Amino acid sequence: MAGVCAYGVYVPLWRMPRKVMGAAAGGERAVSGFDEDSLTMAVAAAANCLSGIDREEIDGLFFASTTFPYKEKPAAATAATALDLRRDVFTSDFANSLRAGISALSSAADAVNSGVARMVLVVAADCRLGAPGSDWEWVCGDGAAAFLVGRTDILAEMTHRYAVCDEIIDVWRSSEDRFIRAWESRFINTAGSLPVTRETLAGLMKRGDLAPAAVAKAVLPLSDERNRTRLARELGLDPVGQLQESFLDSLGFCGTAHPLILLAAALEEAGEGEIILVAGYGNGGEAVGFKTNGSPRSSRRSVRDCVEKKETLTEYLTYLRWRGLLPEERPPHNIGEIAPPAVWREREANIRFLGARCGHCGRVQHPPQEVCINCRKKGPFEPVRLSDRKGRLFTYSVDFQTWTPDQPIITGIVNLDGGCRVQCLVSDHSHEKLELDLPVEMSFRVLDVRSGIHNYTWKCIPNRD
C-alpha cells in the first residue's frame with residue numbers, strides 16, 4: 001500500500017500581529033513576503049521535503065491551491081521545473097476547493113498503488129486574501145506543505161479513505177473576485193463545515209472499523225478553536241489528547257495547505273503503529289487515515305522550526321503594499337519588461353537554476369557559458385543543480401532608485417558551496433543589518449509581475465537552519 005515517504009513544510013518568515021490589522025483577536029498570522037506567492041511557497045516546501053531524496057525517482061507532481069498565479073497556465077509544470085524534476089514527469093493542478101490537498105494526496109496514492117508511478121510529489125500552498133478590514137483578513141495565513149507518496153521506505157501507510165459531496169454556497173470566489181466572499185458564519189458552520197466534516201470523519205471511522213479510542217491524532221480543517229473542540233467531542237474524541245494542535249494563533253488558517261501542515265506536525269510526534277486521521281472541507285469533505293511505522297521524521301526542517309523562525313511585520317501599510325492593495329504608480333526606473341521568449345530561452349538557468357561544470361577543469365559556473373571562465377576551453381559542460389546549495393554572501397549593493405514593492409533592491413554576489421559564484425537578489429533581510437559572509441540559501445521567488453506575466457527567479461535569503 002502507498003504511504004508517505006517524506007514530507008516538508010514551508011512557512012513565510014513574516015508574521016503580522018492581528019492587532020496591527022485592527023482585529024480584536026490576539027495572536028498573529030503568517031504573511032508571505034512581497035516576492036512570494038503560492039507557487040514559490042510550494043517550491044520551498046517541496047525542497048524541504050526532497051532533502052536527501054533522489055529526484056530521478058519521482059514520476060509525478062500534483063499541486064493543490066485555490067490561489068494559483070494564473071487562471072490558465074498550470075502551476076505544477078513550473079513547480080516541477082523549479083525543482084529540477086525529470087522532463088517526463090506527469091503534472092496536474094488540483095484547484096477550486098480547500099480540500100484539494102487531501103484530494104491530491106489520495107490521487108497520488110491511487111497512482112502509486114496502480115503502478116502508474118513509483119513516487120508522486122504532492123504540494124499544497126495558499127495565500128488567500130480577505131478584504132481589508134474583514135475577519136477573513138486576519139483569519140487567513142500563508143503557508144505550504146509537501147508530501148512524497150510511494151510504496152517503499154514509508155513513514156506512514158495510507159489505510160483508509162472516505163469522501164462526501166455537498167452543494168452549498170458558504171465560502172466562495174468567482175473568477176472576477178480577488179477577495180474571499182462568504183455568507184454569515186452561523187450558516188457556514190451549522191449547514192456546512194461542521195456537519196459535513198463530522199459526516200466525513202464518522203464515515204471514515206465506520207468504514208475502517210475505528211473506535212474513537214484507536215485514533216492517536218485527528219486533523220480537523222476548521223478555522224476556529226471553538227468549533228474544532230465541538231466537532232472533536234461530537235466524534236467521541238478527546239480535544240486535549242487526540243486533537244492535533246492547530247497553529248491558528250501563530251499561523252492563521254493556511255487554506256488548502258493547512259490540513260497537510262498539521263498532518264506533518266502529527267507525523268513528527270507520532271510513535272509506531274499510531275492512527276492519524278486528516279480531513280479537508282470544501283463543498284463536501286474528504287478524509288484519509290494513516291498508520292505510522294515509527295520511523296524518524298524525514299523533514300529537513302520541522303513544522304515547529306518553521307513556526308518559530310520568524311520576523312514581525314508591524315506596519316499595516318507595508319502588508320497592503322506587498323499584496324498590491326495600494327494604488328501606486330511605478331516611477332521611470334523599474335525592472336525591465338518581461339519578454340516570454342527570453343523567459344523561455346533562459347528557463348534552465350533561471351527557473352531550474354542549473355549551472356554548468358566544465359569537463360576540462362571541473363569549475364562550476366552560472367549562468368552556463370560557451371567557454372569556461374576558468375580554463376578558457378570550450379565544452380563539454382555538465383548541468384549542475386544549484387538550487388539546493390548553501391553559500392555565503394561575498395559582497396552586495398543597495399539600489400534605492402529602481403522601483404520595487406519593498407525598497408531597496410539588494411543585489412548580492414554569493415559563493416555557493418562547491419565553488420560556484422552567482423549573482424542574485426537578496427530577500428528576507430533588511431539592508432541595514434546585512435553583513436558580509438552571511439550564511440545564505442537559495443529561494444525561488446517572484447521577480448516581477450507585469451502585463452499578467454509572473455516572472456520568477458532564484459534569490460538568496462539568510463540561512464534558516
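**A loop residue and its surroundings**

A: Arg99 sits in the loop that runs between β5 (90-94) and α3, where helices (H or I, at least four residues) and strands (E, at least two) are DSSP runs numbered from the N terminus. The model is a predicted one, so that local features need pLDDT of at least 70 and side-chain atom pairs count only at pLDDT 80 or more, while totals for chains, interfaces and linings use all residues. Residues are numbered from 1 along each chain as its sequence is written, and side-chain values use heavy atoms, with hydrogens and water left out.

With a relative accessible area of 14%, Arg99 is buried; buried means under 20% relative accessible area, exposed over 50%, and partly exposed in between, for a 1.4 Å probe and protein chains only. When its neighbours within four places in sequence are set aside, Arg99 is in contact (heavy atoms within 4.5 Å) with Val164 and with Gly280, Tyr281, Gly282, Asn283, Gly284, Gly285 and Glu286.

Helix α3 (residues 100-113) packs against helix α8 (residues 258-269) at an angle of about 60 degrees, their axes being 7 Å apart. Here axes are lines fitted to C-alpha atoms, for helices over the stretch in contact, and angles run from 0 to 180 degrees between N-to-C directions. Gly101, Ile102 and Leu105 make the contact on the side of α3, and Pro259, Leu260 and Leu263 on the side of α8. By class, the contact of α3 with α8 has five nonpolar residues, one polar and no charged, where Ala, Val, Leu, Ile, Met, Phe, Trp, Tyr, Cys and Pro count as nonpolar, Asp, Glu, Lys and Arg as charged, and the others, Gly among them, as polar.

Ala270 is placed in the loop between α8 and β12 (272-281), and its relative accessible area of 17% makes it buried. Residues up to four places away in sequence aside, Ala270 touches Ile276 and Thr292; between Ala270 and Lys291, 21 residues apart in sequence, the C-alpha to C-alpha distance is 9.7 Å.

In soluble globular proteins, nonpolar side chains tend to be buried together. A nonpolar core is taken as a set of buried Ala, Val, Leu, Ile, Met, Phe, Trp, Tyr and Cys residues joined through side-chain atoms within 4.5 Å. The largest such core has 54 residues, and Leu61, Phe63, Leu121 and Leu148 have the most contacts inside it. Helix α1 (residues 38-49) supplies the largest share of this core, with seven residues. A second, separate core of 48 residues includes Val11, Ala264, Ala265 and Cys306.

Another buried loop residue is Leu313, between β14 (311-312) and α10 (316-322), with a relative accessible area of 7%. Residues up to four places away in sequence are again not counted when Leu313 is said to touch Trp14, Arg15, Met16, Pro17, Val31, Thr318, Tyr319 and Trp322.

Most residues other than glycine have a negative phi, and most peptide bonds are trans. The peptide bond from His366 to Pro367, however, is cis, with omega near -5 degrees, and Pro367 belongs to the loop between β16 (364-365) and β17 (381-385). Gln407 and Pro408 are likewise joined by a cis peptide bond, with omega about 0 degrees; Pro408 lies in the loop between β18 (390-399) and β19 (409-416).

Positive phi values occur at Asp428, near 60 degrees, and at Ser451, about 55 degrees, neither residue being a glycine.

The lining consists of 27 residues, with Lys73, Ala77, Thr78, Thr81 and Arg347 nearest the centre of the pocket, and α2 gives the most, five residues.

Conventions
1 Å grid on protein atoms, 1.4 Å probe; cavity = no way out; pocket = protein on both sides within 12 Å on 5 of 7 lines; lining within 4 Å.
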